[in-house]
Amino acid sequence: MPHTASGYLAEGSRVGIRHFTYEDGAEFTARARESKDLHHPWLFPPDTASAYTAYAGRLIEDPTKAGFLVCEKDGAQGAGAIAGYININNIVEGGFQCGALGYGAFAHAAGRGLMREGLDLVVGYAFGPMRLHRLEINAQPQNAASIALARACGFRLEGFSPKMIFIDGDWRDHERWAITAEDVPRREPRVG
C-alpha cells in the first residue's frame, strides 16, 4: 500500500492515517482509559495490553478488517500522537466492495475536527487504493457526535434498524448511514 514520505497512508493538513501496529498498545490503551467517560455507553476500546494485542491482531491479520489510527501531525500531545481510530469491518469483496465503519476519538482530540479530517482520509483511501465502493456507519440514534461526524463527511441516512447490535449488555437500535464512491469527488490520498 502506498505511503507518504512521513509514513502515513494518507495525510491532510492536521492529521495522517496509518495502520495499527502492536507497538501502539501502550499509547492506545492509555488514551482509551483517559477517554472512558467520553466513550461510554457507545464504545469500549481495549484499555489493557492483552485486550489491545487481541484487538490489533484482528485488525492486522484479518483480511475482512482494516484498522486506521488518526494521528496528529503536530499538536500539544506531540507529533504523531494518536487522536482516534477508524476501522473498516466486515469488508466484502466481489459484487459488494463494501465495509462497515466504526470509529472513536480520544478525549484530548474530541471536538477539534481531527476525526472529520481523518474520516475524510479513510474514505478517500477506501475508495482509492482499497477499491471499495460503499462504506456504512451504524450509529445509535442518541450518539449525536457520531451522527454529526457521519453527516459532516457526506454520509446519507438510509434507514433505521431496531435492536441491530449488542452493545453494553443489550441489543441497541441504530441508524444506518452510507456513502458510495460516486458520492465524493474522485480524490486519491496524498501519497509519496
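I started with the overall size. The chain has 192 residues, and a compact globule of that length would have a radius of gyration near 16 Å. I found 16 Å for the chain, which agrees. I note here that the model is predicted.

Next I took the extents. The C-alpha trace spans about 40 × 35 × 30 Å along its principal axes.

Then I went through the secondary structure. I counted 5 helices and 8 strands in the chain. Reading from the N terminus, I wrote the order down as β-β-α-α-α-β-β-β-α-β-α-β-β.

I turned to packing. Of the 192 residues, 47% count as buried.

Surface came after that. The chain exposes about 9300 Å². Carbon and sulfur atoms supply 55% of that area.

The chain carries 20 positive and 23 negative charges. Their mean positions lie 3 Å apart.

Which helix holds Ala152? I found Ala152 in helix H5, which covers residues 144-152. Is Ala152 buried, exposed or partly exposed? Its relative accessible area is 32%. Buried needs a value under 20% and exposed one over 50%, so Ala152 is partly exposed. I then looked from Ala152 to Val92, 60 residues away along the chain. Their C-alpha atoms are separated by 25 Å.

Terms used
Residues numbered from 1 in each chain as written. Predicted model: local features only at pLDDT ≥ 70, side-chain atom pairs only at ≥ 80, totals over all residues. Heavy atoms only, no water. Helix = DSSP H or I, 4+ residues; strand = E, 2+ residues; numbered from the N terminus. Rg over C-alpha atoms; globule rule 2.2 N^0.38 Å. Buried < 20%, exposed > 50% of the residue type's maximum accessible area, 1.4 Å probe, protein only. Areas by Shrake-Rupley, 256 points an atom, 1.4 Å probe, with all protein chains shown as cover. Lys, Arg positive; Asp, Glu negative; His and termini not counted. Charge placed at Lys NZ, Arg CZ, Asp CG, Glu CD.
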